[in-house]
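Dear colleague,

My findings are set out after it.

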Amino acid sequence: MQTFQYQQPTTVNQAVQAGAQSKTAQQYADVRFIAGGTTLVDLMKLDVERPNQVVDINTLPLAKIESAPGGGLVIGALARNSAVAHHPVVQRDYAVLSQALLSGASPQLRNMATTAGNLLQRTRCVYFRDIAHACNKREPGTGCSAIGGHNRMLAILGTSRDCIASNPSDQNVALTALEATIQVEGVKGRRTIPIQDFYLKPGSTPDRENVLEPGDLIVSVTLPAPLPGTRSYYLKLRDRAAYEFALASAAIVLKLNGSRIERARVALGGVGTVPWRSREAEHVLEGQTANAASFRRAADAALKDAQPASENGFKVELAKRCIVRALTVSTQSA
Ligand code: SF4
């Protein structure tokens, strides 16, 4: 591990000013914020992340979970994943988020990992995590070892010829289906970013994963007030029952009128380079009767642009069945 300077700001503004010293916002950034450290410390030990300065934000007052003034819920950036998952309002109004969080990692990791850290979770592509291999995300222009290599866990939606890494988070799939917004404090003040505008597909710059700039500090995530009668569900399919990343997952938020689907939000995990919102599936579902036929049409629409690599073609059908199953369960749960 490379040596680094450690600092512990006492205000959000101090943290932003410290972060703004970084020359880049992404890979090999000079300055990194640390909260739970469940991703960053691993990557520093592997020499994948090599910051000169680590800014510990754990003492900042950003861990509250509280009602939003206009309805909805504000989750502080430093709220631990376990605190969010077990919060009574989250369990009552945003079950999909609680289920997604509890399906991720282990209890010990969930007690440390934070909401903002989870938003910035990095890929589990084995070549990204091993500096002996070429990786465009880690070192732009060096090539992608996963294309033609081990890619069973990687993405089939939103890929490019430079990177096919999947986003590993469960939380972010649920937040996408819930249409969360992300509040960011930066050198130019505060701004709010809808989660669907936060992540960047790899394209020709896979090292750039989101729209954050140097100094930008995520301070909270806001969930909109749930529509009356909304139901939600998260289904995760993986190689083993716990402590494993998704091969495919589906986050569903539905509003039914009898058996008719009035409103649908569908997001997928394990298959996209970013938390994958499927407007195609939503479009198919809305206005339709909730039944096996409409669910399958939605699943087919969601995966119609899938581009599997050499080892992950099975994900296409797996993701479709995941969507159908999640829709089936979510419409039975009221
Ligand atoms: Fe790197 Fe992306 Fe290729 Fe993995 S898929 S080796 S992260 S460029």
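The notes below cover the model, the overall fold, the ligand site and one proline.

This is a predicted model, in which local features need pLDDT of at least 70, side-chain atom pairs count only at pLDDT 80 or more, and totals for chains, interfaces and linings use all residues. Residues are numbered from 1 along each chain as its sequence is written, and side-chain values use heavy atoms, without hydrogens and water.

The chain contains 11 helices and 12 strands (DSSP runs, numbered from the N terminus: helices are H or I of at least four residues, strands E of at least two). Its C-alpha atoms occupy a box of roughly 60 × 50 × 35 Å along the principal axes. Of its 334 residues, 53% are buried, that is, under 20% relative accessible area with a 1.4 Å probe, protein chains only.

Around the ligand there are 13 residues, of which Cys125, Cys135, Cys144, Cys163 and Ile164 come nearest; a residue belongs here if one of its heavy atoms lies within 4 Å of the molecule. This shell comprises 9 nonpolar, 2 polar and 2 charged residues (nonpolar: Ala, Val, Leu, Ile, Met, Phe, Trp, Tyr, Cys and Pro; charged: Asp, Glu, Lys and Arg; polar: the others, Gly among them).

Pro168 lies in the loop between helix 7 (115-119) and helix 8 (171-177). Pro168 counts as buried because its relative accessible area is 9%. Beyond its neighbours within four places in sequence, Pro168 is in contact (heavy atoms within 4.5 Å) with Gln121, Arg122, Thr123, Arg124 and Phe245.

With kind regards

Conventions:
Buried < 20%, exposed > 50% of the residue type's maximum accessible area, 1.4 Å probe, protein only.
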